[in-house]
Amino acid sequence: MATTTGTAPARTGPGAAAPAPGRTSEHRSTKTGSVAWMAIPAVAFFAFFGAVPLVGVFVLSFMQWDGLSPSPTWLGLGNWTSILTDPVMWRAMGLTFGIMIFSWLVQTPISLLLGVFTAGTQKYRAVLAVLYFLPLLMSAAAISIAFKALLDPNFGLAASLGVPWLALNWLGDPTLVLFVVIFVLSWMYVPFHSLLYQGGVQQIPKQMYEAASIDGAGTVRQFFSITLPQLKYTIITSSTLMVVGSMTAFDLIFVLTGGGPGNSTRVLALDMYLRAFRANQMGPGSVIACLIVLIGLGLALFLRRLGGKDANSSQMEGL
Amino acid sequence: MLAMAPLAGAALSACGTSGPGGSSGGGGDGKASWWYLSGDPNETIRKDNIASWNEANADSTIDITFFQNDAYKTKIKTAIGAGQAPTMIYGWGGGTLASYAAAGQVMDLTDWLDQNPDVKNAVLPASYGPATIDGKVYAYPNENASPIIFYYNKRVFEKVGVSAPPTTWDELMSLVDTFNQAGVAPIGLAGQSRWTSMMWLEYLFDRQGGPQVFDAIFKGEADAWSNPDAIAALTLTQDLVKAKGFIQGFESITADSNADQALMYTDKVAMMLHGSWTYAGMKNDGGDFVSGGNLGWFDFPTISGGKGDPKDTCGNPGQYTSISSGASEEAVQVAKDFFAKGIMSEEIVQKFVDSGQVCIAASAADKFAASEDKDFLEYAYGLTANAPVFQQSWDQALSPATAEALLSNIDQLFSLSITPQQFADNMNATLGQ
């Protein structure tokens, strides 16, 4: 419909509402043949913005280039060996996995419980749900800047609330800053995952709960015996998004800490950016980009495997 | 966590679409193009500047496009690399300019400036340092200098009973104790921003060992960072940290929110080392703090046995505008005309002075007297014009790769997680890169 209204501004009157009959029948006749060509826009889009840059980055990882001179020079494996023996990169790798695991541990239970809660029918549920989803509407940069201001030891939350113990060295202490990063990341992404779980919970057939309460199962038992198993695939989806998202976590950390203090929050994606665009070393930056792609891909495949061999079998047998 | 990737994409594409699109190279409607930073007062000054230039020179018009500072730094690099640079490239000179010059992307202006001494001498000679690479000038210095100034809060000094700011390092260290005992933090520092901490090292290296210490680093001489004077300066820095010279939690304070300036005008700290631009910030945000005469300033203290001239200054000696070597002949001519007659015209110099900035025009000296910020401007201009050595900010002077390593090591030096010797070893590894 969007295309017909777009191409037919001149047509007025009753005929305008109906799509051109000739073209619809054309579509139908081709549908009986191959419909593969309909995927062309998507494939072209992916090839141009996904595959081509990916190949470009891979090639660039064997080259020396500062991003300024007209032509990069061939270097061979130099970038790979220097990056794979660089302690800064390994530290960044460790941090990335640390943040990934902790984010998952923090976000999954909270999102799951919030999702289950917002899928219910309690009083004021809709109002509360709107409040929970607010962070989803803000950009990472805005959230980071806001938290930076809140965490300021002299003029932030501690000073305005008059709570002196809140005036910690939040962004300056190499250990504390990690918890700050995980907290802000969770604050930002929990709403999104709650939304996934809310949708998942609403798909669970009511009969299951009815049957369970007839058998005398309480709320807790129902949660562990029905809700949780039924949400298996939602958990896998949400976890995949969290894990792969952690690999590429950049904008929030970049604005919040810039990788500091020292290198204590320099995660892999940030390491890549700082090398490529701050230090003008496109080659080493590309090596890290390749590593991120490989590890992210591996993790996504692994999590898909977790779904088991019966990934496509029904959970609704007997209903 | 999925939302991350699309969000980052959206942020990037937002940057892309805010660009000028067509006005790359010498394109657009104008004969030449110029990318400039957004943010007043300079955005308005330049907007009016270009509007009146285009009115007066209908056949050599200029397109000006404004970008937010951090976005600009990435965008200009990409544009130059892609051969899509504007005719006139706004910059900070130093290491970044050297990387453009090495890639053959900016024009050598040496001969042109020698043939036009009026243009060359219209700005302070000290400002040519960061524009000069291997004896050739690749940018025209203009606009304003930002010397780094040691400020103090007269209200706090009076309350604690300290009569005068320190003139030597030993006096500074004893003042640190005095203020700590009185329950006031001695020095405000926005340590999270890192370049703020770097300003301390710039001055201490110079006062301790003279300009040759950093010169050797700049030239990439082996082991230049472990020069005994460098180690001594790094040790003094950590002594100051250990003596609780900086406000507690300084590692969490950020300069982009101006929280460090706020510490000054809310009387939470006694002193602050910062760029000259913070004068205007404290004047705007601090109520009657500046207008009531509560803000003072003094020369960076001397170190006993130090080799540096006490008049040496650090900071940014000016702004640097280059001409893209990819620009058409016509665009180059427009840019040169603009350098000669438009970029630092009498009217523009007056506007910079009126806005409280340390304009580097030779003609600016007589204009400060009429300003309401006369005392400060004359001090800052004197600091710039009379400095035997005006050391450019290290992160601008060094190559981008070294600057990145420097900032992250400075962070660790100030948090005492590495020793001066480890700092020197880490930085020595970046020499010659």
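Tutor: Begin with confidence, since this is a predicted model. The mean pLDDT of chain A is 83, and 86% of its residues reach 70 or more.

Student: Which elements of chain A have the lowest and the highest mean pLDDT?

Tutor: Helix α1 (residues 2–7) of chain A has the lowest, 38, whereas helix α5 (residues 87–118) of chain A has the highest, 93. Over residues 1–30 of chain A, pLDDT stays under 50, and the model has 5 contacts beyond four places in sequence for this stretch. As a general idea, where pLDDT is low, the predicted coordinates should not be read in detail.

Student: How should I read the overall form of chain B?

Tutor: Start with its elements and its extent. Chain B has 19 helices and 14 strands. Its radius of gyration is 22 Å, close to the 22 Å that the globule rule gives for 433 residues, so chain B is as compact as a globular protein of that length. Along the principal axes, the C-alpha atoms of chain B fill a box of roughly 65 × 50 × 50 Å. Of the 433 residues of chain B, 53% count as buried.

Student: What percentage of the contacts in chain B between residues at least 6 apart in sequence join residues at least 24 apart?

Tutor: The value is 77%.

Student: How does one read a nonpolar core?

Tutor: In soluble globular proteins, nonpolar side chains tend to be buried together. Here the largest nonpolar core has 130 residues, and B:Leu97, B:Tyr138 and B:Val269 touch the most other members. Helix α9 (residues 195–209) of chain B gives the most to this core, with 7 residues.

Student: Why is this core said to lie between domain 1 and domain 2 of chain B?

Tutor: Both domain 1 (23–143 + 318–344) and domain 2 (148–314 + 393–428) of chain B give residues to the core, so it lies between them. Leaving aside neighbours within four places in sequence, B:Leu97 is in contact with residues including B:Ala131, B:Ile133, B:Tyr138 and B:Tyr320.

Student: How should I read the relation between the domains themselves?

Tutor: In chain B, the C-alpha centres of domain 1 and domain 2 lie 32 Å apart. There, 7 residues of domain 1 are in contact with 6 residues of domain 2. The side of domain 1 of chain B that touches domain 2 has 2 nonpolar, 5 polar and no charged residues.

Student: What does the domain assignment give for chain A?

Tutor: Chain A is divided into domain 1 (50–85 + 278–306) and domain 2 (90–266). Their C-alpha centres lie 30 Å apart, and 7 residues of domain 1 of chain A are in contact with 7 residues of domain 2 of chain A. The side of domain 1 of chain A that touches domain 2 has 6 nonpolar residues, 1 polar and no charged.

Student: How many residues does each chain give to the contact between chain A and chain B?

Tutor: The contact takes 37 residues from chain B and 41 residues from chain A. On the side of chain B that touches chain A, the elements giving two or more residues include α1 (4–17), α3 (69–81) and α12 (259–265) of chain B. Helix α18(B) gives the most to that side, with 6 residues. By class, the side of chain B that touches chain A has 17 nonpolar, 14 polar and 6 charged residues.

Definitions and conventions
Residues are numbered from 1 along each chain as its sequence is written. Chains are lettered from A and ligands numbered from 1 in the order in which they are written. This is a predicted model: local features need pLDDT of at least 70, side-chain atom pairs count only at pLDDT 80 or more; totals for chains, interfaces and linings use all residues. A nonpolar core is a set of buried Ala, Val, Leu, Ile, Met, Phe, Trp, Tyr and Cys residues joined through C-beta atoms within 7 Å. A residue is buried if 20 or more other C-beta atoms lie within 10 Å of its own, exposed if 12 or fewer, and partly exposed in between; C-beta atoms are placed from the backbone. Helices (H or I, at least four residues) and strands (E, at least two) are DSSP runs, numbered from the N terminus. Domain bounds come from an automatic or database domain assignment. Two residues are in contact if their C-beta atoms, placed from the backbone, lie within 7 Å. Ala, Val, Leu, Ile, Met, Phe, Trp, Tyr, Cys and Pro count as nonpolar, Asp, Glu, Lys and Arg as charged, and the others, Gly among them, as polar. The radius of gyration is taken over C-alpha atoms; the globule rule is 2.2 Å times the number of residues to the power 0.38. pLDDT is the predictor's confidence in each residue, from 0 to 100.
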